[in-house]
Amino acid sequence: MAEEPIDTQTDAPTAQRGRSSARDGSGRRRRRRGALGHTFRVAALAGVVMPTLFVIVAALFMFDREVTAPTWVTKRIEADALAFLGGGTVEFGAITLKVGSDLHPRVALTNTVLRDADQAVIGRVPRAEILISPRGLVFRQDILVQEIEVTGTQISLRRAADGSVALSFESGSAPVRQSATVAELLQGIDLVLARPGLEALEQVRADGVIVNFDDARANRSWTVDGGQVSLDLRGGSTRLRGDLSLLSGRSYVTRLVVNYESAKGDVRARMGLAIEDAVAGDLATQVPALSWLSALDAPLSASVRGEIDEEGRLGPVNAALKIGAGSIRPTADIRPIPFGSARTYLTYDPNRRELSFDRVEVASEWGSFQSEGRAYLRDLENGLPRTLLAQLALTNIELNPDQLFETPRRFDTVGIDFRLRLQPFSVEVGQFLATSEDQTVQGTADIVARPEGWDVAVDIEAQTLSSSWILSN
């Protein structure tokens, strides 16, 4: 038989055993309280560690593999999409999840269809990828979008006759945003980014963008194909860049590079537009300061810079224009006046509606000159002027309209005041003063583009005007 264990307390006096029992009982209570606190600490630690372990384990299973997204991810994305639509619905062809080498979960959405509250389709996205912040999963147990990449989306932009613009993602659908101007539309980016779930967003990229632009003001439509748009929100700034190819129905493709930058939460912004091989007449319908180009049929490249002030108004705009070989042709059936090239550097003040031409260079078959001066936009209709009042000082002038002379007439300087009406096209020269080495000529002129052709009338005055100067070679 096994020996019974010896009780070391049996030989002690009863009172002593009682004191020992009291101490032992107190110790057990302390140990029970310590064990309970330890349990809470373990539970709290588990609450912090388990999400991390979940991410690590999930990453091991989904590393560089695209799998169907978990139900909780799908439900959260659907909830965010519905909140964004404000009463609409969303349909996904598929939602998949992959963890890359940087341990960032990437959710891919395919064949997404967005509908408004009336179930009308407002947008279709063939593919979108969402990069999720791992920190949001670990520390907040929440899905925080870090990057968004969209492929193959379409955008519809409509300008009404009054100049207001509406943005939608489906041709003919209800707009998702409307603004009085394009600049105001861009200012609404911060409002969109303030929505829940986008607080950690750093970048948005869109490739293969198709933009259908219908302009009721210009009575024209354009299509942008294969464009790229990026939005960078890092560093406390909102930076938007678009690189677009515009199909204008000509033999050449117009390239547009758009830049917009502002501090987050600040109305003030800087904007830039670089254009290669645009149709001068098309650009005139979009920029009031360049409306005087409407009569030109020629390719144009331009660099335009401007700012929006603290009240949301457009400030001074600087532009450099380079116009290629073309013609002055205000109507399709009139005889064009050809020219070789033109350059100009100008500043536009929208508050005063004033154009300042720092330098203008023109070379054509009718002559060539350099000039500087000012012009004022008048008779605005739906944001575009119908009249320009201008004062120009010309130098290095050589004129031979329609090869009237065997050799061009040369002048040292010409000062000219004129009124340009755009519809119908006409030039009313209130006064011109031309000087050369031995002649001073002044007068007035009227030039009108009529259906049957150009109508030109010139009145000339001079103290002395020799026939030899007029007829000489």
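## Overall make-up

The protein chain holds 7 helices and 26 strands. The model is predicted. Of the chain's 473 residues, 37% count as buried. Accessible surface comes to about 27100 Å², with 54% of that belonging to carbon and sulfur atoms. Among contacts between residues at least 6 apart in sequence, 45% join residues at least 24 apart.

## Nonpolar core

The largest nonpolar core has 92 residues. Val107, Trp292, Leu293 and Leu355 touch the most other members.

## Aromatic pairs

The structure holds 3 aromatic pairs. One joins phenylalanine 213 and tryptophan 222: ring centres lie 5.7 Å apart and the planes meet at 25 degrees, so the pair is stacked. Phenylalanine 213 is buried at 15% relative accessibility. Tryptophan 222 is buried too, at 6%.

Phenylalanine 425 and tryptophan 454 form an edge-to-face pair, 6.2 Å centre to centre with 85 degrees between the planes. Phenylalanine 425 sits in the loop between β23 (409–421) and β24 (426–435), and tryptophan 454 in strand β26, so the pair ties together parts 29 residues apart in sequence. Phenylalanine 425 is buried at 12% relative accessibility, whereas tryptophan 454 is partly exposed at 24%.

Val456, Val458 and Ile460 make a nonpolar surface patch of about 270 Å². Valine 456 lies in strand β26 (residues 453–461). Its relative accessible area is 53%, so valine 456 counts as exposed.

How values were computed: Residues are numbered from 1 along each chain as its sequence is written. This is a predicted model: local features need pLDDT of at least 70, side-chain atom pairs count only at pLDDT 80 or more; totals for chains, interfaces and linings use all residues. Side-chain values use heavy atoms; hydrogens and water are left out. Patches are made of residues with over 30% relative accessible area and no salt bridge: like charges are joined within 9 Å, nonpolar side chains (Val, Leu, Ile, Met, Phe, Trp, Tyr) within 5 Å. Accessible areas come from the Shrake-Rupley method with a 1.4 Å probe; for residues, only the protein chains shown count as cover. A salt bridge is a side-chain nitrogen of Lys or Arg within 4 Å of a carboxyl oxygen of Asp or Glu. Helices (H or I, at least four residues) and strands (E, at least two) are DSSP runs, numbered from the N terminus. Buried means under 20% relative accessible area, exposed over 50%, partly exposed in between (1.4 Å probe, protein chains only). Contact means heavy atoms within 4.5 Å. A nonpolar core is a set of buried Ala, Val, Leu, Ile, Met, Phe, Trp, Tyr and Cys residues joined through side-chain atoms within 4.5 Å. Rings of Phe, Tyr and Trp (its six-membered ring) pair if their centres lie within 6.5 Å; planes under 30 degrees apart count as stacked, over 60 as edge-to-face and the rest as tilted.
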